[in-house]
Amino acid sequence: MSKKAKTFAVIGLGRFGTSVAETLCALGHEVLAVDRSESRVAAIADSVTHAIVADTTDERALKRLGIRNFDCVILSVGDDIRASILSTVLMKEQGAQYVIAKASDALHARLLEKTGADKVVLPEYEAGVRLARSLVSGSIIDYLDLSDKYSITETRIPEKWAGKTLIELNVRRNYDVSVIAIRRGEEILVTLDPKAPLESGDILVMIGTNAGLSRIGHGDV
């Protein structure tokens, strides 16, 4: 995302929507937070640019919000399937530029895609995948899937790697993986010296093939 402030509308202020809205605003962007619940709107009012009580399944309410004027709309009403699908259809009809919709399950996700959502997220499913991956490999701290073949991980270095340099390890050739940063205590190293030895306890941020990342995470080095 560029440094220029963008405009976001976050519709649905449950835990997911609230965290998205507050974080976007904290990062310096303009955020309109919308929910049918007066108490939820009141709770977030001081943390976003604007907070409005509205029902986005009402076409007239959406027009008043000026939904087409936002760079992105995050629709976080995944628990109410009918409301999320109807809101998606109405927003796209009114010219919403980019709609990210939260789904409750795979079927809901497919319906949202077919009704016009530009991107669909399943936060609970994705969190579950990350947890499962970390549980089967004690070295992997976090996991972000990029595709069926590639991912980004944060992984504690194998004990065998302590004291060795990135040149010696040559992870790109040996594992089809690139080290893009090192977390060392409270410090994040992004300008890497390939001749500097790694330290025990270092956490490597790596991008590469799932097979190569899995090998490192399982200590198969």
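Me: Is Asn170 buried, partly exposed or exposed?
Reply: The relative accessibility of Asn170 is 26%. Buried requires under 20%, and exposed requires over 50%. The model is predicted, and in it Asn170 counts as partly exposed.

Me: Where does Asn170 lie, and what is its phi?
Reply: Asn170 sits in the loop between α7 and α8. This residue is not a glycine, yet its phi is positive. The value is about 45°.

Me: Which loop holds Asp176, and what value is its phi near?
Reply: Asp176 is in the loop between α8 and β9 (177-184). At 43% relative accessibility, Asp176 counts as partly exposed. Its phi is positive, although the residue is other than glycine. That phi is near 60°.

Me: How many aromatic pairs does a search of the whole structure find?
Reply: The search covers the whole structure. Ring centres must lie within 6.5 Å to pair. The number of aromatic pairs found is 1.

Me: Is the pair of Trp161 and Tyr175 stacked, edge-to-face or tilted?
Reply: The ring centres of Trp161 and Tyr175 are 5.9 Å apart. Stacked needs planes under 30 degrees apart, and edge-to-face needs over 60. Here the planes stand at 50°, so the pair is tilted.

Me: How many residues apart are Trp161 and Tyr175?
Reply: Trp161 is in the loop between β8 (150-156) and α7 (166-169), and Tyr175 is in helix α8 (residues 171-175). Both Trp161 and Tyr175 are buried. The pair links distant parts of the chain, with a separation of 14 residues.

Me: What is the volume of the largest pocket, and which residues lie nearest its centre?
Reply: The volume of the largest pocket is about 540 Å³. The lining of this pocket comprises 29 residues. Nearest its centre lie Ser76, Val77, Gly78, Asp79 and Lys102.

Me: Which element gives the most to the lining of the largest pocket?
Reply: Elements α1 (15-26), β2 (30-35), α4 (81-93) and α6 (123-136) each supply at least two lining residues. The top contribution is 3 residues, and it comes from α6.

Me: How many residues in the lining of the largest pocket are nonpolar, polar and charged?
Reply: Gly counts as polar in this grouping. By class, the lining has 11 nonpolar, 8 polar and 10 charged residues.

Me: How far apart in space are Leu112 and Lys102, C-alpha to C-alpha?
Reply: Leu112 lies in helix α5 (residues 106-114). At 0% relative accessibility, Leu112 is buried. Lys102 is 10 residues away from Leu112 in sequence. In space, C-alpha to C-alpha, the two are apart by 8.8 Å.

Me: Which residue's side chain has a polar contact with the side chain of Ser151?
Reply: Ser151 is placed in strand β8. Its relative accessible area is 0%, so Ser151 is buried. A polar contact of 2.5 Å joins the side chain of Ser151 to that of Asn210.

Me: How many disulfides does a search of the whole structure find?
Reply: A disulfide needs two cysteine sulfur atoms within 2.5 Å. The cysteine sulfur closest to that of Cys25 belongs to Cys72, and at 15 Å it is too far for a bond. Cys72 has Cys25 as its closest partner, also 15 Å away by sulfur. The number of disulfides found is 0.

Me: Is Cys72 buried or exposed?
Reply: The relative accessibility of Cys72 is 7%. The cut-off is under 20%. Cys72 therefore counts as buried.

Conventions:
Residues numbered from 1 in each chain as written. Predicted model: local features only at pLDDT ≥ 70, side-chain atom pairs only at ≥ 80, totals over all residues. Heavy atoms only, no water. Buried < 20%, exposed > 50% of the residue type's maximum accessible area, 1.4 Å probe, protein only. 1 Å grid on protein atoms, 1.4 Å probe; cavity = no way out; pocket = protein on both sides within 12 Å on 5 of 7 lines; lining within 4 Å. Points joined across faces, edges and corners; volume = space filled by probe spheres on them. Helix = DSSP H or I, 4+ residues; strand = E, 2+ residues; numbered from the N terminus. Phe/Tyr/Trp six-rings, centres within 6.5 Å; stacked < 30°, edge-to-face > 60°. Polar contact = N/O pair within 3.5 Å; in protein donor to acceptor, adjacent residues only side chain to side chain.
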